[in-house]
Protein chains: 2
Amino acid sequence: MDITNIKFNDLGLVPAIVQDYATRQVLMMAWMNEEALKLTIETKKATFYSRSRQKLWIKGETSGNIQTVVTLDYDCDGDTLLIQVIPAGPACHTGNTSCFYRNLVSNEDLATGNIEILGNLQSLIADR
Amino acid sequence: MDITNIKFNDLGLVPAIVQDYATRQVLMMAWMNEEALKLTIETKKATFYSRSRQKLWIKGETSGNIQTVVTLDYDCDGDTLLIQVIPAGPACHTGNTSCFYRNLVSNEDLATGNIEILGNLQSLIADR
């Protein structure tokens, strides 16, 4: 383990993607500073740095929904982490399993190409 | 689809996690500005903003390893995107399927608690 492989940004932070080890669902993304990363490794409990509260937070410390770390990888640039965890409960404060519970574009629209069709119709109407 | 749900950071960027739709492997993380996000939606080809080159890049434009977008979700805070894609080839410029091909901590160490044991031994030796 060589933490010097990790490039923290200007604010001393690195993004950490959290994935469910069993289901492979992506649960959330949060930021770690060096201390949060070291604590995550030592305790095996996903620990982050809150940019809004400007302090460390152990995920699930309040809710009980601790995330136990199973794997901890870093990317080719060394500027993003991927941790696979066993979560004790939902990752999201809304009660959803994952924080990514909303489509920005509906999957049907992506699949059928309705976006282009609607865009074309819009242009057609605008032209008239 | 309401792009105003997305909170771009001070630099006008939002991180986008890219996951393989079929295998659920997390492939990479890159940044999008508003134009990159709109192009991703319109073309269904994952398109990012390169912070180093300060320009848009269509993933796979040079290598051929295009990523076709199947789902596009955003998180509870609206400040991170998750896109599931069908990749035409490896995501990483190293040729690896995923950019996350290296352990920061070996999975065995995480599983067996060797980290704590080694840490304790180190303290013990330092004390003598």
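1. In this predicted model, the interface of chain A and chain B buries about 4000 Å² between the two chains, and 63% of that area lies on carbon and sulfur atoms. In terms of contacts, 49 residues of chain A meet 49 residues of chain B.

2. The polar side of the interface comprises 20 residue pairs in polar contact, both residues of each pair being at pLDDT 80 or more. On the side of chain A that touches chain B, at least two residues each come from strands S1 (14-20), S2 (26-32), S5, S6 (81-87) and S7 (102-105), and likewise from helices H1 (34-43), H2 (107-112) and H3 (114-127). The element that gives the most to this side is S5(A), with 6 residues, and the residues of the side as a whole divide into 26 nonpolar, 11 polar and 12 charged.

3. As for salt bridges, the rule finds 2 across the interface of chain A and chain B; one of them links A:Arg51 with B:Asp79, whose closest N and O atoms are 3.5 Å apart.

4. Within chain A, A:Ile66 sits in the loop between strand S4 (55-58) and strand S5 (67-74). Apart from neighbours within four places in sequence, A:Ile66 is in contact with A:Lys45, A:Ile58, A:Lys59, A:Gly60, A:Glu61, A:Ile86, A:Pro87 and A:Ala88. The C-alpha atoms of A:Ile66 and A:Pro90 are 9.3 Å apart in space, with the two residues 24 residues apart in sequence.

How values were computed. Residues numbered from 1 in each chain as written. Chains lettered and ligands numbered in written order. Predicted model: local features only at pLDDT ≥ 70, side-chain atom pairs only at ≥ 80, totals over all residues. Heavy atoms only, no water. Helix = DSSP H or I, 4+ residues; strand = E, 2+ residues; numbered from the N terminus. Contact = heavy atoms within 4.5 Å. Buried area = accessible area lost by both parts, 1.4 Å probe. Salt bridge = Lys/Arg side-chain N within 4 Å of Asp/Glu carboxyl O. Polar contact = N/O pair within 3.5 Å; in protein donor to acceptor, adjacent residues only side chain to side chain. Nonpolar A, V, L, I, M, F, W, Y, C, P; charged D, E, K, R; others polar.
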